Structure formats: C-alpha cells, structure tokens
Amino acid sequence: MQQPKRLLPLDAIRGLIMILMAIDHANFFVARMHPTGEFWGTSLPQYNNITEFLTRLVTHICAPGFFFLMGVGMVLFANSRRSLGWSESIISRHLFFRGLILIFCQFFLVNSAWVLGPVYTFRPPGAGETVWIYFGVLAALGATMVIGTLFLRLKSLVLISLGSIIIIGNQSLVPDPSQTGHLYSPLVRILSIPGRTGIFQAFYPILPWLGIVLLGFVFGKWLLKDRVQAYQRALLVGSIFIMLFFIIRILGGFGNIHPPKSSGFISFFNVTKYPPSLTFTLLNLGLCLIFIGIFSRLHSSLERRGNPLLVFGRSALFFYILHLYLFAIIGLFFASRGGSGLALMYPIWLVGMFILYPLCLYYGNFKKKKSADSIWRFF
C-alpha cells in the first residue's frame with residue numbers, strides 16, 4: 001500500500017533543530033567553550049560576551065524539540081501503520097523495540113564519541129571520579145518512547161493534564177542546592193534528579209522529558225484531526241507559552257530553579273536545563289511550536305528539491321551519530337590549545353554541514369526505498 005506523505009513543517013523544524021544542535025556540539029568539541037553549569041544544584045554559567053551566550057541560547061530549543069517531535073511522530077507513525085494493516089500490538093512492539101535501539105545507540109555508539117571530548121570531566125551535582133555509564137539524550141528518548149507506548153491511546157485532554165502534571169510536578173522534586181553533594185541512587189538520577197553518582201552520570205531524567213513527549217502526542221492527534229487547525233493552534237499555544245515564560249521569569253519564584261539575578265538580557269534568559277525548569281520548557285517548546293506554525297505557511301518554499309532542512313530532518317538519527325564523530329575528530333586538532341574559539345568554530349561548523357549534507361541526502365533516499373518495517377527506517 002502507498003505510504004502517507006510526510007508533513008513538511010515537521011521535517012523542517014526537525015532539520016532546523018539538527019543544524020542548531022550541530023552548532024552546540026561544534027562549540028563543545030571544537031571551540032571547547034560549551035557551558036557546563038546549567039544544573040539544578042550549581043551556579044548558572046557566566047558568559048564573557050553576548051556572542052557566547054547567544055551561541056548557547058539558540059541551541060536550547062533542540063532537546064525540547066527532540067522529545068516533542070518524537071511524541072508527535074509516535075502518534076503519526078501509529079496511525080500510518082494502522083492504515084497499512086498493522087495491529088495495535090505490532091505497533092507497540094515496534095515502538096518498544098525502536099526505543100531500545102535508541103538506548104543501545106546511546107551506550108554503544110554515542111558515548112564513545114563523547115569520550116573524545118571533555119564530557120566526562122564535567123562535575124555536575126553529586127560525586128564521582130570516573131564516569132563509566134552516561135545516560136544522555138538518546139537514552140532518555142529511548143526510555144520515554146518505551147514508556148510512551150503505554151499512553152498512545154489516551155484522549156487529548158487526559159494527555160494534556162498528565163503531561164502538565166508531570167512537567168510541573170517534577171519542579172517540586174528538584175532538591176535544595178544544599179543537597180548538591182548527595183549521592184542519589186542511579187534510578188533517581190534516571191527518573192528525576194540529574195547528576196553524578198559514582199560511575200553513573202545522567203543529564204536527561206525521564207520524568208520531565210516524558211511530559212513533553214505526552215504533549216507531542218496531543219499535537220500529533222490534532223494533526224490527524226485537522227492539519228490546518230493544528231498549525232494554527234501551534235502558533236497560538238506557542239505564543240501563550242512564551243507569554244507564560246515571561247510572567248514566571250519576572251515573578252522569579254516557582255518554575256525558575258535559578259531566578260534571574262539582574263534585569264540584564266543574559267541573566268533573564270539564562271535558564272536551568274538539567275532538569276529543564278518550567279521556564280526553560282515554556283520558552284523553548286513555545287519557540288518550537290511557533291516555528292512549526294511558521295513553516296506550515298511556507299509549504300511551497302519547503303518543497304524545494306534538496307532543501308537542507310528536509311534533508312537533515314529526514315535522517316535525524318543518522319545525522320546525530322555522524323555529526324558527533326565528525327566534530328569530535330575535528331576537535332582533537334584543537335584540544336592541545338584549549339579549543340578553537342568561536343571565531344574559527346563557526347566556519348568549521350559550516351564546513352561540517354557541507355560534509356554531512358550529501359551523506360544525509362544519500363541516506364534519506366536509501367531508507368525511503370525500504371519497507372515500512374525495515375530497521376533502516378529507525379535511523
């Protein structure tokens with residue numbers, strides 16, 4: 001049977017996220033200027049100038065975008081496979097296995113790339129000398145996909161309520177900074193409180209990111225019901241989220257984790273990522289929704305053959321793994337002098353995009369020819 005056409009705005013926002021993420025990781029591996037203090041129990045990073053801060057700020061949309069779009073994709077995937085005659089049990093089993101693939105990629109493909117950079121020298125809340133187990137973004141994506149299969153059939157109102165409760169509720173679980181050195185169990189690290197315990201280190205706990213996945217389910221259901229209305233809602237809800245960000249940030253209380261210390265631009269937008277504060281989530285999920293709404297109005301422009309946003313967006317996992325090793329290897333040439341600095345990092349990042357483009361274009365065309373249940377489509 002003919003497979004349903006892809007939704008270009010979703011591919012485009014995913015592609016934009018991949019491009020911005022590449023800036024972040026080039027900053028980490030090549031420039032060696034990536035901030036390390038965005039954790040709940042540590043002081044937020046200090047920036048020497050606005051360029052350094054903006055380099056980090058524009059990439060904050062990536063993680064919320066990953067989890068939200070994965071939630072959207074799970075709903076759309078399930079619907080498309082039903083149209084191909086797949087049963088609910090087969091769909092759930094497929095998504096469950098796909099989640100395990102992501103976890104496998106984290107521990108056996110991605111973590112070895114991080115070894116080439118300074119990630120294991122970070123000192124997040126907790127204690128430990130040598131990290132052997134790193135629970136990163138792919139592991140969290142995989143875990144939330146596995147858990148998310150249990151909620152796929154819930155009604156939108158239930159998903160909105162549950163997702164909101166999880167996101168807001170996890171804010172209540174964030175410990176006082178005085179508990180920074182407490183050695184929480186690895187299970188607690190994975191579920192709610194990021195940091196380091198002995199040989200285990202977690203940056204992306206499951207609970208707050210699962211809440212974003214459930215909100216992605218809702219948008220996926222909206223798309224299935226009425227695409228035009230869904231894109232209009234994306235603009236509206238995204239704008240509401242941005243407004244709520246400003247209100248909560250100005251009030252400076254619950255939902256900030258680190259309230260702004262001054263009225264300056266950097267202090268106001270310098271928010272906590274690990275775990276994502278409510279302000280972090282509202283700002284970046286709001287921007288993600290607004291971009292989706294904007295891209296929905298640029299449909300004819302997006303259809304342009306070879307559009308980089310679509311090329312990168314349709315081979316996201318392939319791009320993710322490949323770009324880590326690319327910039328990690330390039331970064332080794334600058335390690336002895338402490339990094340390249342931002343002025344040189346940006347041209348290197350652009351060259352990296354030109355290298356990755358034909359590889360992702362080839363892979364996207366390759367997997368498009370595979371059957372609906374092919375493992376190649378996982379990447």
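In what follows, Ala, Val, Leu, Ile, Met, Phe, Trp, Tyr, Cys and Pro count as nonpolar, Asp, Glu, Lys and Arg count as charged, and the others, Gly among them, count as polar. The exercises concern a predicted model.

**Exercise 1.** Find which residues line the second largest cavity, and sort them by class.

*Solution.* Begin with the space itself, for which a volume of about 40 Å³ is computed in the case of the second largest cavity. Next, list the lining of this second largest cavity, which is made up of Asn27, Met33, Pro35, Tyr47, Glu52, Thr55, Arg56 and Leu342. Then apply the classes: Met, Pro, Tyr and Leu count as nonpolar, Glu and Arg as charged, and the others as polar, so the lining of the second largest cavity divides into 4 nonpolar, 2 polar and 2 charged residues. Finally, look at where the lining comes from: helix 2 (residues 50–57) gives the largest share, with 3 residues.

**Exercise 2.** Describe the largest cavity by its volume, its lining and the helices that supply this lining.

*Solution.* The structure holds 2 cavities of 30 Å³ or more, and the largest cavity contains about 300 Å³ of space. It is lined by 26 residues, and those closest to its centre are Asp24, His25, Trp114, Tyr204 and Tyr274. Sorted by class, the lining of the largest cavity has 16 nonpolar, 7 polar and 3 charged residues. At least two residues of this lining are supplied by each of helix 1 (8–31), helix 3 and helix 4 (88–114), and helix 1 provides the largest share, namely 4 residues.

**Exercise 3.** Work out how helix 3 and helix 5 pack, and which residues make the contact.

*Solution.* First take the geometry: helix 3 (residues 62–83) packs with helix 5 (residues 137–148) at an angle of about 35 degrees, and their axes are 11 Å apart. The crossing in which helix 3 passes helix 5 is right-handed. On the side of helix 3 the contact is made by Phe66, Phe67, Met70 and Met74, while helix 5 contributes Val137, Ala140, Leu141, Thr144, Met145 and Gly148. By class, this contact of helix 3 with helix 5 has 8 nonpolar residues, 2 polar ones and no charged ones.

Definitions and conventions: Residues are numbered from 1 along each chain as its sequence is written. This is a predicted model: local features need pLDDT of at least 70, side-chain atom pairs count only at pLDDT 80 or more; totals for chains, interfaces and linings use all residues. Side-chain values use heavy atoms; hydrogens and water are left out. Axes are lines fitted to C-alpha atoms, for helices over the stretch in contact, and angles run from 0 to 180 degrees between N-to-C directions. A crossing is left-handed if the near helix is turned anticlockwise from the far one by less than a right angle, and right-handed if clockwise. Contact means heavy atoms within 4.5 Å. On a 1 Å grid over the protein atoms alone, a cavity is a set of points where a 1.4 Å probe fits but cannot get out, and a pocket is an open set with protein on both sides within 12 Å along at least five of seven lines; lining residues have an atom within 4 Å of a point. Grid points are joined across faces, edges and corners, and a volume is the space filled by probe spheres set on the points.
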